[in-house]
Amino acid sequence: MKLRFSNVDTSAMVNALQKLVGLRLANIYDLNQKTFLFKLAKLDTKELLLVESGIRMHTTQFQREKNQPSGFCMKLRKHLRTKRLTKITQLGTDRAVDFKFGENETSFHLIVEFYSSGNIILTDFEYKILQTLRVVHEESVMVGQTYDTSKARLFERMTRQKLMEALVPGEGMKKKDLTLKSLLKQRLAAVYGPDLIEYALYQSQVKSNWNTNELMDSGLFDMLLQAFEKADELFEKIQSTDLGGFIAYEDQDLMQYQDFYPLSLESVHPKQHLQFDSFDKCVDEYFSKLESQKFQLRAKQAEMQAQKKLENARQSHLNQVVGFELAQETKQLYAEAIEQHLWIVDSAIQTIRSFVASGMDWGDLKELVQEERQKGNPLAKSIGDLKLETGHIVLLLPNPRDDDSDDEPMDLLKIEVDIYASAFANARNYYDARKIATVKAEKTKQASKKALEQVEQKIKQELKQSVQQVQTITKIRKQYWFEKFIWFISSENYLVVGGRDAQQNEMLVKRYLGKGDVYVHAEIQGAASVIVKNFPKGQGAPDTTEEEPIPPSTLLQAGTMSVCYSRAWDAKVVTSAYWVHANQVSKQAPTGEYLTTGSFMVRGKKHFLPPIQLIYGIGLMFKVDEDSIVRHYWDRRPWGRDSEVPIEDIRKRLQAYEQGDLSEDPPTQDADALDATGEEDAPDATGEEVPDQTETRETDVVVQDLTDDPTFDFPDTTVDLKQEDQQADEADNPLDQQVPQDEQDEQDAHSQATMESDTSSLKQTKTKWENIRGKKGKLKKLKKYQEQDEEDRQLMMQLLKSNQGPKKKQQEKVVPKVNKKEREEIKKILKDENLELPDQSMNLSYLDLLTGQPVDQDTLLHCIPVCAPWSVLQKYTFKIKILPGSLKRGKA
């Protein structure tokens, strides 16, 4: 089993890690004394580089527990954090890699060695050592010294002379070391590694157990030389191209990994193989599986040890009960034996007591008893031992329960009696001892269940603590784009997303509100800005080619989210939300007004929803694999639950999973589309005529009635979407788009008409903006030309010829057609910058991967918690209802 990198593995991994060049080092973590985790990031790209000194290096998709940072880790953070990784190179053909962070004199080098015991060395731009993981005095690898990179072994192609020298046996070598395989590995392993040497032997058809003389006699030396030349070409190819990775394993059921290779060696190693597109992924899978097996083994050992402790406690308790029961039987037998042989007991007690009273030496008394026993004295034979220091003697009495008719010798009991008590008194003492043993046995049996439960609970607690101390590795789940917002999936499979604060409201509307979507809000302080993503053409109900109207139940659920995240929840106020189309929402403010972060203009009719019930909940959704989607396809599609659609048709509709990364952010909409305002009212999303219910209420919503202006078919409404406790951004938003001059002039005229009908609004606006730079002059201009109508304004603009420039710019704004080649170049540039090509449609078919109703046949990949209205969670397997309470937040 391979447990560390060879030089060929190092070369392949250096080539595979070139994708990290250009990323910045965000942080460094300690996993253990020799293993470190480097977090590299750039915009939306994040990579975790795992480096184990002397063993391996690779990016990882698994999450590991981190320890407290050591002194060496803190030193690396001090010098390398926030530095950009600019270069990754291998030092010659050695198992050493040079990571360069930064440029010029501010750069640092992190050198990782995989040979011997390994090492990690931090140097400055001149390779002066700043810190080392371990000090090597023999090679002068210590702080203050200069790391010598010139000692690195350079790659040289195989020649006849080099191969001949490698095959010359050394003096004093053992016979087993004289084989071709042993000689080549000893002389060439530092350059080719064991894998390429075996590859060369296999290609040349040379037997590995031959010696040098057998090779020369066979005439296959030239074949071996050609095989090494092919190995040279393969090694150079590995250094420049990622050929993927291969893992050899045994036991199809247990999948025990044995080895990994940067190239296919199936002919050399006839084992079962797993193939990977990247060598980096291959190594990550190999070592992560070994780590997981190691941690599982530790957890299993801890469990076995705890089980053994519990079994020992049970056995000890059982032995204690058995001991009490045996003591009862023994004491009873001793008492019966004494009662059956009273004359022997009394005679022995009186005789010994008289000798002791006469002052006879205890040693002489023992000799006297032994002499009498040899003479055949029956009383002396009944005395087994003298324990005069405690006032006791041991008598040998027959077992009263033995049958006298048996020819076998009688079983004698060794009974200890007190010489200062009579025979009856000694029998009574044994009966009392039997009663005590009986009581103890009964109490032990009664307390046995409780005692075992306490012991078992204590051992389980120790097991839990030991298991928590065992490290585990888990697969890192790549989050969906909407998980940074508040979100849920409606009962009709529509994605509903809301902002947590003003900044998220701004991002949500500007980036993700697209054509066909619906914007939902409520006229109450703190209400969330919510959007409902509509399905693109062909992804909704069957046999549809156009974007479908969003169902009323989904709109009501979206309104519930907006209201429940507002002040209505704390105040327990029942109120209504409303929805508008995406083309009614704009970031363009009327002339003289300003929209803060999280605020938008809503133009046109607002469709109010029924009063919202403040019933929310939290549930668990599960991400399943693609094979399990079919079982849940109709869970959130009520229009087809009773239809008999073949599984093949469902699978055809799910082919969208193979068209891209499902966890990436969706394509963002064009910024111009957000600032453009609709001139006509869009149709109702429910397909029904909804009356205009727009009205002025005592909330944060400010309504300005512009119905007197004949150029408007509907009033303009300014909606303030600030969340509670959010500070308004007084600076101009850089994401706001510039409005063409002709549109701005029209809005100026509309604003003038508004000011004529509502002078108080102008005074309020003037008071608000009179101290802001650039706004005072605009207010003076409005006051100067407020008497001028639209026709006069157009005449004056033609005389001044000031309206020709914007028209020319507007003509130049037409986007030319882009051919396929140029589009590919644009895609490449945007990809290099981690940007995406704008597109008005997005693929929402990946929502079918998430289900709240898992079954036993499903393959569950991840568990995702979600907060949603209770009507959404009613069919979920795991859910909890949430209602407004009297306690404050965080006090429950």
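Which residues form the negative surface patch? I opened my notebook with that one, keeping in mind that the model is predicted. I found the negative patch to be formed by Asp361, Asp364, Glu367 and Glu371. I then looked up Glu371 by itself and saw that helix α9, residues 362-375, contains this glutamate. Its relative accessible area is 41%, so I wrote down Glu371 as partly exposed.

**The chain as a whole**

I stepped back for an overview. The chain has 892 residues, and 42% of them count as buried. I counted up its secondary structure as 23 helices and 31 strands. Among contacts with a separation of 6 or more, 67% join residues 24 or more positions apart.

**Helix α2 and what covers it**

Next I turned to α2, which spans residues 71-80. Which of its residues are buried? My list reads Phe72, Cys73, Leu76, Arg77, His79 and Leu80. I was glad to see an arginine and a histidine on that list. For the cover over these buried residues, I noted strands including β1 (24-30), β2 (35-42) and β7 (96-101). The cover also includes β8 (108-113), β9 (119-124) and β10 (129-132).

After α2 comes Thr82, and I noted its positive phi, near 75 degrees.

I stayed with β2 for a moment, because Thr35 lies in that strand. Is Thr35 buried or exposed? With a relative accessible area of 3%, under the 20% cut-off, Thr35 is buried. Leaving out residues up to four places away in sequence, I found Thr35 touching Tyr29, Asp30, Leu50, Val51 and Glu52.

**Positive phi in two loops**

I kept an eye on backbone angles, since most residues other than glycine have a negative phi. Asn104 is not a glycine, yet its phi is positive, about 55 degrees. I placed Asn104 in the loop between β7 and β8, and both of those strands are among the elements covering the buried residues of α2. Asn104 itself counts as exposed, at 63% relative accessibility.

Lys572 also went into the notebook, with a positive phi of about 55 degrees although it is not a glycine. Where does Lys572 sit? I located it in the loop between α14 (567-571) and β22 (577-581). Lys572 is partly exposed, with a relative accessible area of 48%.

**Two buried loop residues**

His341 belongs to the loop between α7 (279-340) and α8 (342-357). Its relative accessible area is 13%, so I marked His341 as buried. What does His341 contact, leaving aside neighbours within four places in sequence? I found Leu397 and Pro398.

Leu609 was my last stop, in the loop between β25 (607-608) and β26 (616-624). At 10% relative accessibility, Leu609 counts as buried. I checked its surroundings, not counting residues up to four places away in sequence, and found that Leu609 touches Leu555, Leu556 and Gly559, among others. Its contacts also include Ser576, Ala577, Tyr578 and Trp579. I also looked up a C-alpha separation here: Leu609 and Thr575 are 34 residues apart along the chain, and their C-alpha atoms are separated by 9.4 Å.

Notes: Residues numbered from 1 in each chain as written. Predicted model: local features only at pLDDT ≥ 70, side-chain atom pairs only at ≥ 80, totals over all residues. Heavy atoms only, no water. Patch = residues over 30% accessible without salt bridge, like charges linked within 9 Å, V, L, I, M, F, W, Y side chains within 5 Å. Areas by Shrake-Rupley, 256 points an atom, 1.4 Å probe, with all protein chains shown as cover. Salt bridge = Lys/Arg side-chain N within 4 Å of Asp/Glu carboxyl O. Lys, Arg positive; Asp, Glu negative; His and termini not counted. Charge placed at Lys NZ, Arg CZ, Asp CG, Glu CD. Helix = DSSP H or I, 4+ residues; strand = E, 2+ residues; numbered from the N terminus. Buried < 20%, exposed > 50% of the residue type's maximum accessible area, 1.4 Å probe, protein only. Contact = heavy atoms within 4.5 Å.
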